[in-house]
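Please look over the structure shown here. The report below covers strands, a cavity, charged pairs and aromatic rings.

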Amino acid sequence: MTINKTVLITGANQGLGFETAKQLAELGYYIYVGSRDKSKGTAAIQKLNKLGFNNVELIEIDVTDINSIKLAKQELATKTGKLDVLINNAGISGGFMSQKMSTYSIDNLRKLFDTNFFGAVQTTQQFIDLLKKSNEPRIVNVSSGLASLAFSTSHDLEFYAYGCSKTALNAFTVSLAKEFRHTNFKINSVEPGYTATNLNEYQGVQTVEEAVGIIVKYATIGDDAPTGKFFWKEGEFAW
């Protein structure tokens, strides 16, 4: 199998990001495993190597640090002339205490947005030139059902601050897809579902193996696929 497409996945040393790297590597993509922590990223690469994957490589990147992102972009540009797929997966929960907006710490809210929103935006901005060099550029923003305003108005939610950061991420998806609507870019948000990961202290109801199918699907879609949409495993998700 020869595909030779390149993928950068942020926050790929564990959880959804790691499993996405594994499944895309199985499909023949060349994976750049983005990790803020170099030692954890190295351990992830070693684990993938032991599973038989040699089409994986570490890229040290902290999405909250613009200098780190720029260095990662320079490193990747040196290694390859283009980037085919960017998966903005890195994210934090903001702590699973009460996240009511009337009392939630502004400092914690800023940290949420720094990673979940601003991190994805500035990473995309830095790598957009490499994506433009691809014949089939794809951007997948890993969102959440808690981002849906339609969903949040009909359910009693406890994690609204986290949802706000992902709602902003969805708005970025729409804006960027509109900007590139006359190009070969495909840019979408996806909702993997409530998955047992470190993000939620492994309280989710599905495994990462079950969850990442939606990420892989929209990382590998063809030219006839939609752009500027929000999807989960059942189809299109309401904004």
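## A strand pairing

This is a predicted model. Start at Asn-141, which stands opposite Ser-189 of strand β6. The two strands involved are β5 (residues 138–142) and β6, which pair in the parallel sense over five bridges.

On to strand β7 (residues 230–232). β6 and β7 also pair in the parallel sense, over two bridges. Here Val-190 has Phe-231 as its bridge partner in β7.

## How β6 is enclosed

Is β6 covered on one face or on both? In a regular strand the side chains alternate between the two faces of the sheet. For β6, both faces are covered. Lys-186, Asn-188 and Val-190 are buried on one side, and Ile-187 and Ser-189 are buried on the other.

Five of the five residues of β6 (residues 186–190) are therefore buried, so the strand is largely enclosed by the rest of the structure. Buried here means under 20% relative accessible area.

## The cavity

Rolling a probe the size of a water molecule over the atoms shows where empty space is left. The structure holds one cavity of 30 Å³ or more. About 50 Å³ of space lies in the largest cavity.

Which residues line the largest cavity? The lining consists of Thr-10, Val-63, Asn-88, Ala-90, Thr-115, Asn-116, Gly-119, Ala-120, Lys-166 and Leu-169. By type, four are nonpolar, five are polar and one is charged. Helices α4 (106–132) and α6 (160–179) each supply at least two lining residues. α4 gives the most, with four residues.

## Salt bridges

Side chains of opposite charge can pair when their charged atoms come close. The count comes to seven salt bridges. In one of them, the side chains of Glu-57 and Lys-79 meet at 2.6 Å, N to O. Glu-57 lies in strand β3 (residues 56–60) and Lys-79 in helix α3 (residues 66–79), so the pair ties together parts that are 22 residues apart in sequence. Lys-79 is partly exposed, with a relative accessible area of 40%.

Asp-84 and Lys-82 form another salt bridge, with the closest N and O atoms 2.6 Å apart. Lys-82 is partly exposed at 25%. The side chains of Lys-229 and Glu-236 also meet in a salt bridge, at 3.8 Å, N to O. Lys-229 counts as partly exposed at 31% relative accessibility. Glu-236 is partly exposed too, with a relative accessible area of 48%. Salt bridges that share partners also join Glu-57, Glu-75 and Lys-79 into one network.

## Aromatic rings

A pair of aromatic rings is described by the distance of the centres and the angle of the planes. A search of the whole structure finds nine aromatic pairs. Phe-151 and Phe-237 form a tilted one: 6.3 Å centre to centre, with 50 degrees between the planes. Phe-151 lies in helix α5 (residues 149–152), and Phe-237 in the segment after β8 (235–236), so the pair ties together parts that are 86 residues apart in sequence.

Phe-151 is partly exposed, with a relative accessible area of 28%, whereas Phe-237 is buried at 12%. Both belong to one aromatic cluster, formed by Phe-151, Phe-230, Trp-232, Phe-237 and Trp-239.

Notes. Residues are numbered from 1 along each chain as its sequence is written. This is a predicted model: local features need pLDDT of at least 70, side-chain atom pairs count only at pLDDT 80 or more; totals for chains, interfaces and linings use all residues. Side-chain values use heavy atoms; hydrogens and water are left out. Buried means under 20% relative accessible area, exposed over 50%, partly exposed in between (1.4 Å probe, protein chains only). Two strands pair if DSSP finds at least two bridges between them. On a 1 Å grid over the protein atoms alone, a cavity is a set of points where a 1.4 Å probe fits but cannot get out, and a pocket is an open set with protein on both sides within 12 Å along at least five of seven lines; lining residues have an atom within 4 Å of a point. Grid points are joined across faces, edges and corners, and a volume is the space filled by probe spheres set on the points. Ala, Val, Leu, Ile, Met, Phe, Trp, Tyr, Cys and Pro count as nonpolar, Asp, Glu, Lys and Arg as charged, and the others, Gly among them, as polar. A salt bridge is a side-chain nitrogen of Lys or Arg within 4 Å of a carboxyl oxygen of Asp or Glu. Rings of Phe, Tyr and Trp (its six-membered ring) pair if their centres lie within 6.5 Å; planes under 30 degrees apart count as stacked, over 60 as edge-to-face and the rest as tilted.
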